[in-house]
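Open the structure in your viewer and keep the sequence beside it.

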Amino acid sequence: MTLTFEDFPPGHFGRFGPRRVTREEMLAFASEFDPQPMHLDEEAAKGSMLQGLSASGWHLCSIMMRMMVDGFIGRAASLGSPGVNELRWLAPLRPEDEITLDVDVAEARVSRSRPDTGIVTFKGVVRNAAGQALCEMVSPIIVQRRGGAAAEQAG
Amino acid sequence: MRFFEDIEIGQRRELGSFTFTAELIKKFATQFDPQRFHLDEEEGRKSLFGGLAASGWHVGSVCMKLLVTDGQRLASEALARGEKVVAWGPSPGFRELRWIKPVLAGDTISFASEVESLRLSEKRPEWGILEARNTGTNQRGELVFSLLATAFVPRRNPEGITHMEPSSR
């Protein structure tokens with residue numbers, strides 16, 4: 001069943017993962033999008049503020065997106081997102097760590113400009129296997145309301 | 001890379017441009033954001049985006065890529081002048097990220113970065129904290145992407161500077 005606006009009341013929505021992030025995929029992402037020594041070079045990373053090799057923050061964001069798509073956005077009548085209100089990188093993601101994503105609905109309201117849709121503002125927190133918060137994000141997503149055109153289309 | 005003391009509010013860097021081909025859009029989306037409008041031309045046309053659209057995280061990651069490339073360019077220019085070069089620190093995050101218009105297959109986005117605020121780190125006296133507005137503009141001159149990014153920037157001589165007033169936007 002396709003999830004619509006009505007399926008996202010404020011409160012805890014779900015926990016997703018765990019997802020292991022390998023050294024190989026960390027280095028591949030950093031090589032392509034964020035080739036700073038702290039994300040690529042073990043020795044240089046030791047001397048950095050993060051004191052060891054860490055994933056690019058944009059890699060962590062992209063993995064969080066994938067976990068959200070697999071977890072619920074992929075079966076929601078989502079029309080996309082206008083942006084991210086705030087994102088905080090709190091601690092480094094290390095090679096081979098296993099991350100878990102907690103998603104809360106912070107706010108859900110009907111769109112004024114497109115009344116057949118609603119704006120669901122999610123708060124996501126990524127934690128590592130030790131339970132340490134690595135990243136927090138607050139971001140709205142536009143979701144079709146029940147009976148809306150996109151919900152029918154997605155079936 | 002530049003030191004904190006070399007940076008002024010309002011300084012703007014053109015970071016270069018990047019063309020989001022259908023192939024690159026689908027490759028990123030397959031890995032990180034497999035929603036139908038990021039994977040298939042026809043699904044993209046039927047969506048609010050009106051065409052095969054890049055994942056917003058792809059656009060943000062490319063902006064990061066060009067920021068790093070620009071930093072490397074600045075560093076090599078500084079080295080060529082015989083100046084000392086330092087690595088910037090990590091970023092504690094960003095605010096106000098806006099995907100203003102879709103980035104569609106074939107679009108070429110020019111990125112820029114403009115310094116909005118500078119302050120000293122209270123917890124880490126050897127570092128300054130910079131906020132910069134990073135933007136992306138398409139080939140028609142339309143603003144498509146904007147975010148307010150934060151980064152730690154090393155100070156040139158933390159011990160020697162004791163009376164510097166933190167400035168804000």
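Helices here are DSSP runs of H or I with at least four residues, and strands are E runs of at least two, both numbered from the N terminus. The model is predicted.

**Stop 1: chain A as a whole.** Select chain A. Count 5 helices and 6 strands. Follow the sequence and the order reads β-α-α-α-α-β-β-β-β-β-α. Along the principal axes, the C-alpha atoms of chain A fill a box of roughly 55 × 30 × 25 Å. Of the 155 residues in chain A, 39% are buried. Now look at contacts in chain A with a separation of 6 or more: 73% of them join residues 24 or more positions apart.

**Stop 2: helix 1 of chain A.** Select residues 23-33 of chain A. Which residues of this helix are buried? They are M26(A), F29(A), A30(A) and F33(A). These four sit on the same side of helix 1 of chain A, because they cover an arc of only 95° around the axis.

E24(A) and S31(A) are exposed on the face turned away from the buried side.

Next, show what covers the buried residues of helix 1 of chain A. The cover includes helix 2 (37-40) and helix 4 (57-71) of chain A. Helix 4 (56-80) of chain B is also part of it.

**Stop 3: where chain B touches chain A.** Show both chains. 26 residues of chain B are in contact with 28 residues of chain A. On the chain B side, the elements giving two or more residues are helix 4 and strand 2 (93-99). Helix 4 of chain B gives the most, with 8 residues. Color this side of chain B by class: 15 residues are nonpolar, 7 polar and 4 charged.

Now select strand 3 (residues 83-89) of chain A with strand 2 of chain B. The two strands pair in the antiparallel sense, over 5 bridges. For one pair, pick V84(A): its bridge partner in strand 2 of chain B is L97(B).

**Stop 4: G71(A).** Go back to helix 4 of chain A and select G71(A), which lies in it. Is G71(A) buried or partly exposed? It is partly exposed, because 18 other C-beta atoms lie within 10 Å, and buried would need 20 or more. Beyond its neighbours within four places in sequence, G71(A) is in contact with G14(A) and F16(A). Finally, draw a distance from G71(A) to L101(A), 30 residues apart along the chain: their C-alpha atoms are separated by 9.5 Å.

Terms used. Residues are numbered from 1 along each chain as its sequence is written. Chains are lettered from A and ligands numbered from 1 in the order in which they are written. This is a predicted model: local features need pLDDT of at least 70, side-chain atom pairs count only at pLDDT 80 or more; totals for chains, interfaces and linings use all residues. A residue is buried if 20 or more other C-beta atoms lie within 10 Å of its own, exposed if 12 or fewer, and partly exposed in between; C-beta atoms are placed from the backbone. The arc is that of the directions from the helix axis to the C-beta atoms. Two residues are in contact if their C-beta atoms, placed from the backbone, lie within 7 Å. Ala, Val, Leu, Ile, Met, Phe, Trp, Tyr, Cys and Pro count as nonpolar, Asp, Glu, Lys and Arg as charged, and the others, Gly among them, as polar. Two strands pair if DSSP finds at least two bridges between them.
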